[in-house]
Amino acid sequence: MTLDRTYKIPEHIVARDIGGETVILDLQQGTYCGLNAVGARLWELLEQGNTLNQALESMLNEYDVGPDRLKADLLALTDELTSKKLLTDSPSRAG
Amino acid sequence: MCDYRLLPTNSLKRQWTPSFHSWDNEDGSAWVTFHRSDDEYLIRVIDLADFVISRDGTICSCYPAPETCDETLDHLYRNVVYPLMQNRQGHLVLHASCVKTETGAIAFVGDSGQGKSTLTTAFCAHGAEFLSDDCLVVEPADNGFLARPGDPSIRLWDDTFNRFANRNTPLAPPISYSLKSRILDGPDLRHCTQSQPLLAIYMLQNEGVDQIDIHPLKTHDILPAFGKSNFYLDTEDHQALTRNFHQIADLASGVPCFTLDYPRNYAVLDDVISAILTYTVNLDLAA
């Protein structure tokens with residue numbers, strides 16, 4: 001997995017921020033996934049069409065964390081979200 | 001608004017596609033099956049009645065089985081079909097009981113058999129009024145959310161019934177698919193007929209605990225918890241599911257939600273009520 005990928009959120013996935021956390025629902029499976037504040041921020045940036053690299057750069061300016069640590073965390077999270085089919089690694093959807 | 005029509009027994013001749021969803025008995029057999037056509041839904045309560053619902057949830061035609069009595073049909077409509085029609089009309093309907101206290105309404109969410117009705121009845125014994133026993137319509141309002149009054153009766157198993165009822169307690173006629181006794185609105189169990197501001201929601205949890213425990217429901221647990229605790233008709237209508245998802249999220253953002261654990265022992269119910277009221281009053285003061 002590279003940092004230059006963009007991601008698409010499938011149409012059957014809905015998400016909502018509640019108190020700084022993001023809850024995701026897969027409408028087809030009826031399953032939920034929760035993201036903490038950092039994961040929620042990543043989700044927001046990817047939803048806006050940013051590449052993973054762009055999201056990483058933004059978040060390095062926002063969080064007091066080393067670049068290697070944040071990169072590893074973001075790669076792990078996108079890997080998990082992709083494996084759960086909550087994200088697909090294709091061109092981002094418009095809007 | 002809901003338009004209800006009772007039609008002749010076994011007069012539904014239309015063929016329906018296989019069910020897309022079902023509510024099952026503990027032994028795995030279906031109790032209710034759900035079917036869909038282009039413009040209607042069929043809610044089939046096995047061996048008791050068919051209810052055909054318009055797509056928008058405003059019209060219901062009931063086709064009873066020959067042996068089904070009027071009381072059973074009435075109860076099925078009020079407690080199974082009507083909540084689902086409300087859902088189709090766009091309302092959020094929780095599987096919850098609800099009481100009105102001095103400062104507002106408190107709702108109790110939980111699976112069947114976890115003690116919602118017992119807790120509600122105990123609150124009424126302390127002077128509260130009840131808004132609902134099993135299904136609660138929650139509506140957004142200017143300053144939060146309102147709990148809407150539901151069916152003016154509470155169903156209880158024998159042990160709870162014997163503890164709280166007396167020979168003057170008004171009872172509904174028995175229904176064929178449940179052994180519970182149904183207590184009607186009356187001096188011992190007063191029904192609140194006006195919508196009330198919803199102060200808090202308590203999700204009933206473990207029954208094997210030995211002390212009363214109340215905790216804020218974790219944010220990432222709220223939606224899954226309420227998602228399985230609301231009346232929902234078409235489990236494959238993604239547009240309606242999305243609307244429902246955001247309704248629950250709005251509710252979770254606007255009303256404090258808590259887990260509630262307590263020993264299922266009548267002797268501690270007074271303490272449970274005190275704990276809930278204290279917790280809720282403190283929320284109100286903090287707001």
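A disulfide is taken here as a pair of cysteine sulfur atoms within 2.5 Å, and by this criterion a search of the whole predicted model finds 0 disulfides over all chains.

View 1. B:C2 is partly exposed, its relative accessible area being 23%.

**View 2. The cysteine B:C135.** B:C135 takes part in no disulfide, the nearest cysteine sulfur, that of B:C2, being 11 Å away. With a relative accessible area of 13%, B:C135 is buried, whereas B:C2 is partly exposed.

**View 3. The interface of chain A and chain B.** Contact between the chains involves 12 residues of chain A and 14 residues of chain B. Together the two chains bury about 1,300 Å², of which 69% is on carbon and sulfur atoms. On the side of chain A, the residues that lose the most area to chain B are A:R16, A:I18 and A:L27, which together account for 48% of what that side buries.

**View 4. The salt bridge between A:R16 and B:D250.** The count of salt bridges between chain A and chain B is 1, and it is formed by A:R16 with B:D250, whose closest N and O atoms are 2.4 Å apart. Across this interface, 2 residue pairs are found in polar contact, both at pLDDT 80 or more.

**View 5. The strands of chain A that touch chain B.** In chain A, β1 (13-18), β2 (21-26) and β3 (31-35) each supply at least two residues of the side that touches chain B, and β1(A) gives the most, with 4 residues. The residues of this side of chain A divide into 7 nonpolar, 3 polar and 2 charged.

Note on methods:
Residues numbered from 1 in each chain as written. Chains lettered and ligands numbered in written order. Predicted model: local features only at pLDDT ≥ 70, side-chain atom pairs only at ≥ 80, totals over all residues. Heavy atoms only, no water. Contact = heavy atoms within 4.5 Å. Buried area = accessible area lost by both parts, 1.4 Å probe. Salt bridge = Lys/Arg side-chain N within 4 Å of Asp/Glu carboxyl O. Polar contact = N/O pair within 3.5 Å; in protein donor to acceptor, adjacent residues only side chain to side chain. Nonpolar A, V, L, I, M, F, W, Y, C, P; charged D, E, K, R; others polar. Buried < 20%, exposed > 50% of the residue type's maximum accessible area, 1.4 Å probe, protein only.
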